[in-house]
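Trainee: I would like to go through this model with you, one feature at a time. Please show it first.

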Amino acid sequence: MTSHLIALGYQPHWWPILTSAFMGNALIGGTIVALAAGLIGYFVVVRRTAFAAHALAHIGFPGATGAVLLGVPVVVGLGVFCVGGALVIGVLGKRAADREVVTGTVLAAASGLGLFFNSLATKSSSTVTNVLFGNLLAISQGQLVSFAILLTVLGLSVGIIYRPLLFSSVNALVAEAKGVPVRALSMIFMALLGVTVAMAVQAVGTLLLFALVVTPAATAIMLTPRPVRAMAASTAISLSAVWFGLGASAMFNLPPSFPIVTIACAIWAAVWFSDRRRRVAAQAMDELIGGSTEMTAPTTPASATSGI
Amino acid sequence: MSVSERPNAPPALAFTDVSAMRGGRLIWSHGTFTVPPGGIVAVIGPNGSGKTTLLHMVLGLVPPADGGVEVFGGRPGEANGRIGYVPQHYAESSGEAVRAADVVLLGLTGYRWAFGRSTAAQRERVAQALAAVEATDIADQRLSTLSGGQRQRVALAAALVARPELLILDEPLASLDLHSQHDIVALLARLHAELAVTILVVAHDLNPLLPILDSAIYLLDGHPHYAPIHDVVDEALLTHLYGTPIQVAHTPHGQLYMRSTL
């Protein structure tokens with residue numbers, strides 16, 4: 001049994017690796033990123049801004065390579081480009097019809113810039129790999145401090161704007177008519193998304209970010225329609241992906257992003273298939289009974305309405 | 001006592017020489033009319049004549065290019081706490097993951113800042129609003145699983161939950177089948193009678209609404225006018241308004257209906 005596992009790259013001494021100092025940083029950093037992703041991911045899915053989230057991860061790439069070029073911390077470059085790119089998409093993509101084209105164009109411009117910065121730099125190939133695929137194991141103490149500050153800002157902001165943001169996400173026009181500052185909230189949300197992406201890129205990289213920010217939230221929304229429960233479920237999925245992923249990376253000597261993303265995607269696939277089977281079964285049941293719910297709405301006695 | 005019986009109640013709407021611009025273009029002008037509270041008022045006119053713009057002006061979302069608009073005696077937007085609004089294309093434009101009951105609750109608490117749990121009293125108001133539109137049985141379903149007619153009921157409940165004095169409905173019957181249209185019209189008549197609410201409703205097809213309408217705002221040749229419904233349902237006026245020959249007929253049961261004679 002063990003010999004087969006060793007053939008797979010199994011490390012018999014994985015426990016000391018998992019409890020080492022750099023793994024501690026990875027666990028704390030991964031946990032913070034998972035919490036942020038769970039919080040923001042729900043709104044990304046409900047607001048249908050998954051493409052923007054994906055694009056922002058790529059927009060961070062020139063930020064990271066540019067930072068290496070200038071000799072400033074990668075976090076700073078990522079933060080400036082992700083939040084800046086989020087605001088540009090927010091301003092130019094006000095109309096839903098424009099949003100995809102604006103997002104894609106900003107994405108293309110940023111990727112070109114990233115390639116250019118990378119060609120100027122001489123010794124950045126490991127940075128490029130880290131930005132593209134992330135490396136939780138390389139998270140430093142300094143990054144952890146910035147993560148903790150950003151998560152606090154994120155948590156407080158979402159706590160304050162939660163209800164109006166949900167209202168404007170469900171129906172912007174109705175919310176606007178009730179006096180909700182829909183435009184301002186949209187910009188604040190994009191900025192918060194930029195912050196989350198800048199953090200998550202350092203954990204799983206630009207190419208795999210979707211699986212940590214969007215996929216767990218989409219999975220959670222299939223599991224429950226209740227917003228707070230969905231956020232909790234989304235966070236739980238992100239957390240288990242990060243924790244079990246780090247465990248697997250220690251056990252099998254894998255780059256952590258691979259098992260993290262694989263676990264998140266596998267949970268999504270499992271929930272998607274069972275959700276689909278349930279819906280198909282429900283539909284078959286409806287057809288068997290032969291009545292649509294539309295026709296069976298009970299009439300309510302007039303007295304029940306007098307309180308409205 | 002219904003709103004209309006109140007002696008000194010200000011008019012629901014008072015327009016004084018109002019003009020509307022959209023995208024730098026004048027779409028209608030010289031709108032001067034007063035809508036008393038308490039009625040069911042249609043807003044009619046051909047495509048692009050500015051019906052939705054008029055509604056948005058009442059809500060304070062679009063400022064008048066010229067002239068003065070008063071809603072319940074105040075500036076547009078000030079009275080939005082007393083207005084329930086169901087926009088056009090509600091079904092397509094709404095987030096689909098949330099439950100019907102959550103959508104209705106947002107109509108009550110969605111504009112409040114800070115995280116907060118709903119109170120028992122708020123949940124009771126949500127239940128009452130859903131019961132008023134006969135949607136109690138779908139309270140826990142996601143919007144994505146509901147039919148067009150069911151979603152329109154949820155949208156109405158979300159508008160009613162704040163106990164409005166004015167309901168603004170933009171094309172509430174669009175893309176509904178005849179059965180659902182009839183249900184929604186019957187529901188509007190009942191809500192109007194029970195809740196003493198003024199209803200402003202944009203509609204392309206007037207026929208399903210004709211039995212319950214009191215009056216109409218019609219956008220004729222770039223100017224809004226207001227008149228009792230029996231003056232509006234006139235062959236010459238409607239033919240001019242829609243630019244196509246329209247005949248007004250009476251059914252054997254005494255109901256009015258209009259049809260294009262092309």
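Mentor: Two strands pair if DSSP finds at least two bridges between them. Helices (H or I, at least four residues) and strands (E, at least two) are DSSP runs, numbered from the N terminus. This is a predicted model: local features need pLDDT of at least 70, side-chain atom pairs count only at pLDDT 80 or more, and totals for chains, interfaces and linings use all residues. Residues are numbered from 1 along each chain as its sequence is written, with chains lettered from A and ligands numbered from 1 in the order in which they are written.

Trainee: Do strand 8 and strand 9 of chain B pair in the parallel or antiparallel sense?

Mentor: Strand 9 covers residues 223-228. Its B:His225 is the bridge partner of B:Tyr218.

Trainee: How many bridges join strand 3 of chain B to strand 8 of chain B?

Mentor: Strand 3 spans residues 40-44 and strand 8 spans residues 215-220. B:Ala42 has B:Ala216 as its bridge partner. The strands run parallel, and the bridges number 4.

Trainee: Is helix 3 of chain A largely enclosed by the rest of the structure, or largely exposed?

Mentor: A residue is buried if 20 or more other C-beta atoms lie within 10 Å of its own, exposed if 12 or fewer, and partly exposed in between; C-beta atoms are placed from the backbone. In helix 3 of chain A, 19 of the 26 residues are buried, so the helix is largely enclosed.

Trainee: Where does helix 3 of chain A bend?

Mentor: The bend is the angle between axes fitted to the seven residues ending at a residue and the seven starting there. For this helix, the angle is about 30°. The site is A:Ile40.

Trainee: Why does A:Ile237 count as buried?

Mentor: A:Ile237 sits in helix 13 (residues 227-252) of chain A. Its C-alpha atom is 8.3 Å from that of A:Gly38, 199 residues apart along the chain. A:Ile237 counts as buried because its C-beta neighbours inside 10 Å number 27.

Trainee: How many residues does chain B give to the contact with chain A?

Mentor: Two residues are in contact if their C-beta atoms, placed from the backbone, lie within 7 Å. Chain A gives 34 residues, and chain B gives 38.

Trainee: And how many residues on that side of chain B are charged?

Mentor: Ala, Val, Leu, Ile, Met, Phe, Trp, Tyr, Cys and Pro count as nonpolar, Asp, Glu, Lys and Arg as charged, and the others, Gly among them, as polar. On the side of chain B that touches chain A, 18 are nonpolar and 12 polar. The charged residues number 8.
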